[in-house]
Amino acid sequence: MKVQFTDDEVKIMQTALDRWGLSAQVGQTVEECAELIVALQKHINRSPQPRTIDNILDEIADVEMMLAQMRISFDIDDDMLRKQIEYKFEKLKKYLSGE
């Protein structure tokens, strides 16, 4: 389920970071996460409709692109992220088992 970006897409993200800077892209990441939150909340508050699902998909794509830029900016590689995810899953597993 991993999103793979092409070399050209990575270059575009790096160009965006170079052009607008880290501070602006961090702010954009926050904004895209907020837009995803709103789209998910609309899905909860209304009957699921194709339009709300399309909006969720659109916002997930935006968030994925911005998270990739954050990984580039903060030198977070796959191994670092994998270790943190494993740690988080261990916590979730314990929580789900009632520990």
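User: Of the 99 residues of the chain, what percentage count as buried?

Analyst: This is a predicted model, in which local features need pLDDT of at least 70 and side-chain atom pairs count only at pLDDT 80 or more, while totals for chains, interfaces and linings use all residues. Residues are numbered from 1 along each chain as its sequence is written, and side-chain values use heavy atoms, with hydrogens and water left out. A residue is called buried under 20% relative accessible area, exposed over 50%, and partly exposed in between, with a 1.4 Å probe and protein chains only. Of the 99 residues of the chain, the share that counts as buried is 16%.

User: Which pattern does the chain follow when it is read along the sequence?

Analyst: Helices (H or I, at least four residues) and strands (E, at least two) are DSSP runs that are numbered from the N terminus. The chain holds three helices and zero strands. Read along the sequence, the pattern is therefore α-α-α.

User: Is the chain more spread out or less spread out than a compact globule, and what is its radius of gyration?

Analyst: The radius of gyration is taken over C-alpha atoms, and the globule rule is 2.2 Å times the number of residues to the power 0.38. For 99 residues that rule gives 13 Å, and the chain lies well over this value, so it is more spread out than a compact globule. Along the principal axes, its C-alpha atoms fill a box of roughly 45 × 35 × 25 Å. The radius of gyration of the chain is 16 Å.

User: How far apart are the end C-alpha atoms of helix α3?

Analyst: The expected span of a helix is 1.5 Å times one less than its number of residues. Helix α3 (residues 78–96) has 19 residues, so it should span 27 Å.

User: How far does helix α2 reach from its first C-alpha to its last?

Analyst: Helix α2 (residues 50–73) has 24 residues, for which 34 Å is expected at 1.5 Å a residue.

User: Which helix is included in what covers the buried residues of α2?

Analyst: The buried residues of α2 are Thr 52, Ile 56, Glu 59, Val 63, Met 66, Ala 68, Gln 69 and Met 70. What covers them includes helix α1.

User: Is Glu 32 buried or exposed, and what is its relative accessible area?

Analyst: Glu 32 is found in helix α1 (residues 7–45). A contact means heavy atoms within 4.5 Å, and, not counting residues up to four places away in sequence, Glu 32 touches Glu 59, Asp 62, Val 63 and Met 66. Glu 32 is buried, because its relative accessible area is 9%.

User: At what relative accessibility does Gln 25 count as buried?

Analyst: Gln 25 also has its place in helix α1. Leaving aside residues up to four places away in sequence, Gln 25 touches Ala 16, Leu 17, Trp 20, Met 66, Gln 69 and Met 70. Gln 25 counts as buried because its relative accessibility is 6%.

User: How many salt bridges does the count come to?

Analyst: Side chains of opposite charge can pair when their charged atoms come close. A salt bridge is a side-chain nitrogen of Lys or Arg within 4 Å of a carboxyl oxygen of Asp or Glu. By this rule the count of salt bridges comes to four.

User: Which residues are linked in a network of salt bridges?

Analyst: Asp 78 forms a salt bridge with Lys 2, whose closest N and O atoms are 3.0 Å apart, and this pair links distant parts of the chain, with Asp 78 in helix α3 and Lys 2 in the segment before α1, 76 residues apart. The side chain of Asp 78 also meets that of Arg 71 in a salt bridge of 2.5 Å, N to O. Lys 2 is exposed at 51% relative accessible area, whereas Asp 78 is partly exposed at 41% and Arg 71 is partly exposed at 25%. The network of salt bridges links Lys 2, Arg 71 and Asp 78.

User: What is the N to O distance in the salt bridge of Glu 86 and Arg 82?

Analyst: Both residues lie in helix α3, with Glu 86 and Arg 82 four residues apart, about one turn of the helix. An α-helix has 3.6 residues a turn, so residues three or four places apart point the same way. The side chains of Glu 86 and Arg 82 meet in a salt bridge with an N to O distance of 3.9 Å.
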